[in-house]
Amino acid sequence: MKLYTFNSGAGPRLGAETEDGQLLDLDQGFCILHNEPYDAFSSMQALIESQEAGLDVARDVVKQMPGAALHSWDDVKILAPLPNPRKIRDFSCFERHLLQATEGAARMLAHNKSDPAVAYQEMRKKFNLDSLPGPGWYEVPAYYYSDSTTVIGHDEKVVWPHYSNWPDYELELAAVIGKPGRDVTVDAAQQHIFGYTIFNDLSARDAQFVAMSTGLGVAKGKDFDGSNVLGPCIVTADEIPDPYNLTMRARVNGEEWSVSFSGEARWRFADCIAYASQSQWIHAGEIFAAGAAADGCALEHMQKLKRGDVVELYVEPIGVLRTWIV
C-alpha cells in the first residue's frame, strides 16, 4: 500500500491510495463500514505501531473502498507521511557519493582562485575533505542524527537559510522502522521495516564545509527549518521486496540532473539496523535514511542550486517528492 498523511481542512488524516489511484481516508472509511473509529487509523505513527494487524484492516478498507471516504487529490494537502518521526538516523551507504562529493566540493571551492590547482589541494585539507571516507567507513555503517522537528513534506517551500548561498539536495531512500528491537541480527532486520519513503537531506554546503572542518559534524550545514523532507508517502515493505533494485532520479526546474541506483549501496538497511540496535532499542516510527545515493546531489556534478529552484526527487514505486527553494 501507499500510505499518506494529508489535510483536507480538518487536520492531519491517514490515507491510502486505492488501486485506481484515488485517495481514501482510512478512518473515515472504517467508520462508514463499522460505525466506529479504529485507533490504529488515528495517525501514521499509530498505524505503524499496530504492525501487521493494522495493515490487514487497512487493506480490507481499501478493498471495500467506501465512496464517501474518497478525496480528490486537488482538494487535499499532502503532508510528510510521518510528520514527527521518533528519530532520524542518516547513514552513509554509498562510497561513490562520498568520493565524488569531496572531489566536486574541492574543485568548486577552488574554481575562482588565482591558482585553481594549488587551491584545490588547499581546500581538501582546509575542510577535511581528504578524511572522507575514512578507514572506519568500511568497517561500520556510519550515521548521524538529524533533527526530527525540522521535517516537512511534499510540495513545501523551504526558506533557505540567510547564512548560506550554496543550496543542495540529497536524493536518499529511507526505511521506516515498524517493529521495535534490540540487538537485531542482520538476518532478522528486514522484519523490522514497515516501509520505505524518499528523503531529501537538504544541505547548505558552504556552512557544512566550515562545520566539518571543526571535526564535530555537519551542524548548520544540515540543521535548519525544513531541512529534512520526507514523502510523498510510505510504501509498505511488501510492495518493495527488493529495495536495492530501484532507479532514483533528481530533476531541477524540470531538467534531469542525476540518475542513481539503490543497488550501489555498500551498506544495506539490514546492516544499519543491526549496527544501530546494538545495546539500544530501536522503536516503531524511526527513520533510517541510506544517505545520498551515488550521483545523488548537485555537488557531485559540480552544479549549484539557487533560490527559486524546484527540486523533484523520484523513486519508483514511491513517487515524486517536490521541494521549492525560496
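The legends below walk through several close-up views of a predicted model.

Residues are numbered from 1 along each chain as its sequence is written, and side-chain values use heavy atoms, with hydrogens and water left out. Because this is a predicted model, local features need pLDDT of at least 70 and side-chain atom pairs count only at pLDDT 80 or more, while totals for chains, interfaces and linings use all residues.

**View 1. The largest pocket and its lining.** The largest pocket has a volume of about 680 Å³. Of its 35 lining residues, Leu98, Leu132, Tyr144, Met212 and Val218 are the closest to the centre. On a 1 Å grid over the protein atoms alone, a pocket is an open set of points with protein on both sides within 12 Å along at least five of seven lines, and lining residues have an atom within 4 Å of a point. Grid points are joined across faces, edges and corners, and a volume is the space filled by probe spheres set on the points. Four elements, β6 (88–91), α3 (95–110), β7 (143–146) and α5 (205–212), each supply at least two lining residues, and α3 gives the largest share with 5 residues. Helices (H or I, at least four residues) and strands (E, at least two) are DSSP runs, numbered from the N terminus. Sorted by class, the lining has 19 nonpolar, 10 polar and 6 charged residues. Here Ala, Val, Leu, Ile, Met, Phe, Trp, Tyr, Cys and Pro count as nonpolar, Asp, Glu, Lys and Arg as charged, and the others, Gly among them, as polar.

**View 2. The one cavity found in the whole structure.** A search of the whole structure turns up 1 cavity of 30 Å³ or more; a cavity is a set of grid points where a 1.4 Å probe fits but cannot get out. Around the cavity you will find Phe94, Leu173, Tyr244, Met248, Ser262, Ala265, Phe269 and Ala290. This lining divides into 7 nonpolar residues, 1 polar and no charged.

View 3. Buried residues of α2 include Met44, Leu47, Ile48, Gly54, Leu55 and Val62. Buried means under 20% relative accessible area, exposed over 50%, and partly exposed in between (1.4 Å probe, protein chains only). After the helix comes methionine 65, with a positive phi near 45°.

View 4. Serine 146 sits in strand β7 and is buried, with a relative accessible area of 12%. Leaving aside residues up to four places away in sequence, serine 146 touches Ile88, Asp90 and Asn228, where contact means heavy atoms within 4.5 Å. Alanine 207 belongs to helix α5 and counts as buried at 16% relative accessibility. Not counting residues up to four places away in sequence, alanine 207 is in contact with Tyr163, Lys220 and Gly221. Arginine 266 is 59 residues from alanine 207 along the chain, and their C-alpha atoms are separated by 28 Å.

**View 5. Helix α6 and its packing partners.** In α6 (residues 269–276), the buried residues are Phe269, Cys272, Ile273, Ala274 and Ala276. These residues pack against β6, β7, β11 (171–177), β13 (193–201), β18 (281–282) and β19 (287–289).

**View 6. Backbone details to look out for.** A cis peptide bond joins glycine 231 and proline 232, with omega about -5°; proline 232 is in strand β15 (residues 228–236). Another cis bond links glutamate 316 to proline 317, with omega about 15°, and proline 317 lies in the loop between β20 (310–315) and β21 (319–325). Asparagine 128, although not a glycine, has a positive phi of about 60°; this residue is in the loop between α4 (116–126) and β7 and counts as partly exposed at 30% relative accessibility. Aspartate 295 also is not a glycine, yet has a positive phi of about 70°. Aspartate 295 lies in the loop between β19 and β20 and is buried, with a relative accessible area of 16%.
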